[in-house]
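Here's a quick briefing to read alongside the model. Have the sequence and the 3D view open as you go.

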Amino acid sequence: VQLQASGGGLVQARGSLRLSCAAAGRTFTNYAMGWFRQAPGQEREFVASISWDGRYKYYADSVKGRSQISRDDVKSTMYLQMNSLNLDDTAVYHCAANPRSSAPGTTYDYWGQGTLVTVSS
């Protein structure tokens with residue numbers, strides 16, 4: 001499955017942003033989907049994930065309560081709505097897919113290119 005992330009940009013602190021991840025090439029509903037991010041000089045970290053049927057959603061503590069992951073199976077697209085952004089949210093955000101599980105710690109098989117989110121003060 002091919003993944004294309006978009007929606008990043010420059011946003012002021014306390015602002016909001018919605019990232020999108022469009023999938024193509026395979027049946028979208030066969031895959032759990034996830035968002036990861038990598039800040040400069042840091043390791044890639046888990047942000048959020050959603051099960052193939054949308055029933056299960058998981059969030060990193062750092063974004064819990066101010067972010068929402070969703071998917072539109074008709075459009076084969078996953079979203080990440082992020083609110084109350086802060087400087088620590090600055091990173092390249094990647095979307096990923098795997099056919100097994102949305103549980104944190106699951107290995108992902110397919111990765112999209114990243115979209116850069118820059119939060120300014």
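Predicted model: local features only at pLDDT ≥ 70, side-chain atom pairs only at ≥ 80, totals over all residues.

Residues are numbered from 1 along each chain as its sequence is written, and side-chain values use heavy atoms, with hydrogens and water left out. Strands here are DSSP runs of E with at least two residues, numbered from the N terminus.

**How the strands pair up**

- Two strands count as paired if DSSP finds at least two bridges between them.
- Strand 3 (residues 17-24) pairs antiparallel with strand 1 (residues 2-6) over five bridges, and antiparallel with strand 8 (residues 77-82) over six bridges.
- S20 is a handy residue to look up here: S6 stands opposite S20, and in strand 8 the bridge partner of S20 is Y79.
- Strand 4 (residues 32-38) and strand 5 (residues 45-50) run antiparallel and are joined by five bridges, with G34 opposite S49.
- Those two strands form a hairpin with six residues between them, and G41 in the turn has a positive phi of about 75°.
- Strand 5 also pairs antiparallel with strand 6 (residues 57-59), over three bridges; A48 stands opposite Y59 there.
- The hairpin of strand 5 and strand 6 has six residues between the strands, and G54 takes a positive phi near 80°.

**What's inside**

- Buried means under 20% relative accessible area, exposed means over 50%, and partly exposed is in between (1.4 Å probe, protein chains only).
- A nonpolar core is a set of buried Ala, Val, Leu, Ile, Met, Phe, Trp, Tyr and Cys residues joined through side-chain atoms within 4.5 Å.
- The largest nonpolar core has 33 residues, and those with the most contacts inside it are L3, M33, W35, M78, L80 and Y93.
- Strands 1, 3, 4, 5, 8, 9 and 11 (115-120) each supply at least two residues of this core, and strand 9 gives the most, with five.
- In soluble globular proteins, nonpolar side chains tend to be buried together.
- Strand 5 is mostly covered, with five of its six residues buried.
- L80 has contacts (heavy atoms within 4.5 Å) with residues including L17, W35, V47 and I69, leaving out residues up to four places away in sequence.

**The disulfide**

- There is one disulfide, taking the term as a pair of cysteine sulfur atoms within 2.5 Å.
- C21 and C95 form it, with their sulfur atoms 2.2 Å apart.
- This pair links distant parts of the chain, since C21 is in strand 3 and C95 in strand 9, 74 residues apart.
- The link of C21 and C95 is right-handed, with 70° about the S-S bond.
- Both C21 and C95 are buried.

**Aromatic rings and charges**

- Rings of Phe, Tyr and Trp (its six-membered ring) pair if their centres lie within 6.5 Å; planes under 30 degrees apart are stacked, over 60 edge-to-face, and the rest tilted.
- The count comes to five aromatic pairs.
- The rings of F36 and F46 have centres 5.8 Å apart and planes at 75°, so that pair is edge-to-face.
- F36 and W111 make a tilted pair, 4.9 Å centre to centre with 55° between the planes.
- F36 is in strand 4 and W111 in strand 10, 75 residues apart.
- F36 is buried, at 10% relative accessible area, whereas W111 is partly exposed, at 32%.
- F36, F46, Y108 and W111 form one aromatic cluster.
- A charge sits over a ring if NZ of Lys or CZ of Arg is within 6 Å of the ring centre and within 35 degrees of the ring normal.
- The charged end of R44 sits over the ring of W111, 3.8 Å from its centre, and R71 lies over the face of F28 at 4.3 Å from the ring centre.

- I50 is in strand 5 and counts as buried, at 1% relative accessibility.
- Not counting residues up to four places away in sequence, I50 touches A32, M33, Y56, K57, I69, S70, R71, M78 and S102.
- S102 is in the loop between strand 9 (91-98) and strand 10 (110-111), and counts as buried at 5% relative accessibility.
- Leaving aside neighbours within four places in sequence, S102 is in contact with residues including A32, S49, I50 and Y108.

Methods. Helix = DSSP H or I, 4+ residues; strand = E, 2+ residues; numbered from the N terminus.
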